[in-house]
Amino acid sequence: MAKVHFVIHHVDYGTTMAQAKIAADAGADGLFVISHKGQDEDVVEMACELKGITNRRAEAMDIGVNLLGTDPHDAVLIVIARKIPMLWADGCGITGKGVGNAGLAMFDALSGAPGHKRVRVFAGVAFKHQAPERNPPIAARNAKILGFVPTTSGEATGLAPEVEKIAAMSKAVGGGLAIASGMTPENVWQFAPYLSDILVATGVSRDFHHFDEAKSKAFVKAVSRVRSDIAESRNQARNAASPIKRT
């Protein structure tokens with residue numbers, strides 16, 4: 001069932017720590033830190049400082065980074081060395097036609113380093129700002145073959161993809177799919193059943209660097225409701241399949 005990871009657009013120490021607290025208070029499962037201003041070193045340090053933060057359920061939150069200014073191969077080595085549990089990378093060169101050099105280099109770095117099994121790599125496929133993908137389900141499957149979490153989006157920041165696209169990609173990878181754009185408290189219920197992970201920023205924010213507390217709580221509540229509905233459906237299915245006990 002889908003985990004919720006809030007994406008913090010890092011600008012400075014105080015702002016990032018404040019946004020992390022809002023996400024934790026809302027009950028998020030994890031955090032990603034990213035900088036659009038070339039602050040990759042600061043992003044790594046912030047991620048390390050955030051390790052151990054707990055959400056309102058007193059559960060340790062997963063922590064990840066997206067290092068936009070760092071070569072994907074090097075980014076893998078950095079998160080392994082610094083023991084950061086998650087890496088999100090956009091330009092992995094993974095498409096429906098196959099895997100490019102960046103994706104293969106990331107796979108080699110991940111496979112050859114001690115501690116690699118503790119890292120989840122979220123690899124962008126059929127993603128915004130990339131060439132149009134003609135076969136999103138196969139692209140997702142190619143990412144999964146490498147051991148990555150295929151991560152997709154709508155056509156632009158803040159835009160949701162088509163539900164049909166997400167359903168097809170999810171089916172191709174057995175539900176192990178992440179989405180990283182366009183999710184809001186109002187629409188996430190349509191997508192959550194098909195996802196293992198949801199990366200959200202715009203849909204819970206009041207501006208580029210600040211989360212909205214009410215939207216954040218509403219978003220996590222909406223996903224939690226879907227989780228409960230799925231769990232209840234599974235329980236009903238199990239009970240229906242159980243043999244009738246006769247006395």
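Author: Contact here means heavy atoms within 4.5 Å. This is a predicted model, where local features need pLDDT of at least 70, side-chain atom pairs count only at pLDDT 80 or more, and totals for chains, interfaces and linings use all residues. Residues are numbered from 1 along each chain as its sequence is written, and side-chain values use heavy atoms, with hydrogens and water left out.

Reader: What makes His10 a contact of Val33 and His209?

Author: Heavy atoms within 4.5 Å, by the cut-off above. Skipping neighbours within four places in sequence, His10 also touches Thr16, Ile34, Ser35, Gln39, Asp42, Val43 and Met46. His10 sits in the loop between β1 (3-9) and α1 (13-26); strands (E, at least two residues) and helices (H or I, at least four) are DSSP runs, numbered from the N terminus.

Reader: And why is His10 called buried?

Author: Its relative accessible area is 4%, and buried means under 20% (exposed is over 50%, partly exposed in between, with a 1.4 Å probe and protein chains only).

Reader: What makes Val204 buried, then?

Author: Val204 comes out at 0%, so it counts as buried. It's in the loop between β10 (197-200) and β11 (205-207). Beyond neighbours within four places in sequence, Val204 has contacts with Phe6, Phe211, Asp212, Lys215, Ser216 and Phe219.

Reader: How do you know that β3 and β4 pair?

Author: Pairing asks for at least two DSSP bridges between the strands. Strand β3 (residues 62-66) and strand β4 (residues 86-89) have two, in the parallel sense, and Val65 has Leu87 in β4 as its bridge partner.

Reader: What makes Lys83 and Ala126 worth a look?

Author: Positive phi without being glycine: near 60° for Lys83 and about 45° for Ala126. Lys83 is in the loop between α3 (72-81) and β4, and Ala126 is in the loop between β7 (120-124) and α5 (136-145). Lys83 has 59% relative accessible area, so it is exposed; Ala126 has 11%, so it is buried.

Reader: What makes a space count as a pocket?

Author: On a 1 Å grid over the protein atoms alone, a pocket is an open set of points where a 1.4 Å probe fits, with protein on both sides within 12 Å along at least five of seven lines; lining residues have an atom within 4 Å of a point. The largest pocket holds about 400 Å³, a volume being the space filled by probe spheres set on grid points joined across faces, edges and corners. It has 25 lining residues, with His9, Trp88, Lys128, Thr157 and Ala180 nearest its centre. β1 and β10 are the elements that give two or more residues to that lining.

Reader: What makes up that lining by residue class?

Author: Eleven nonpolar, twelve polar and two charged residues. Nonpolar covers Ala, Val, Leu, Ile, Met, Phe, Trp, Tyr, Cys and Pro, charged covers Asp, Glu, Lys and Arg, and the others, Gly among them, are polar. The second largest pocket, about 260 Å³ in volume, has 17 lining residues, with Ala126, Ser153, Gly154, Glu155 and Lys165 closest to its centre. Its lining splits into eight nonpolar, four polar and five charged.
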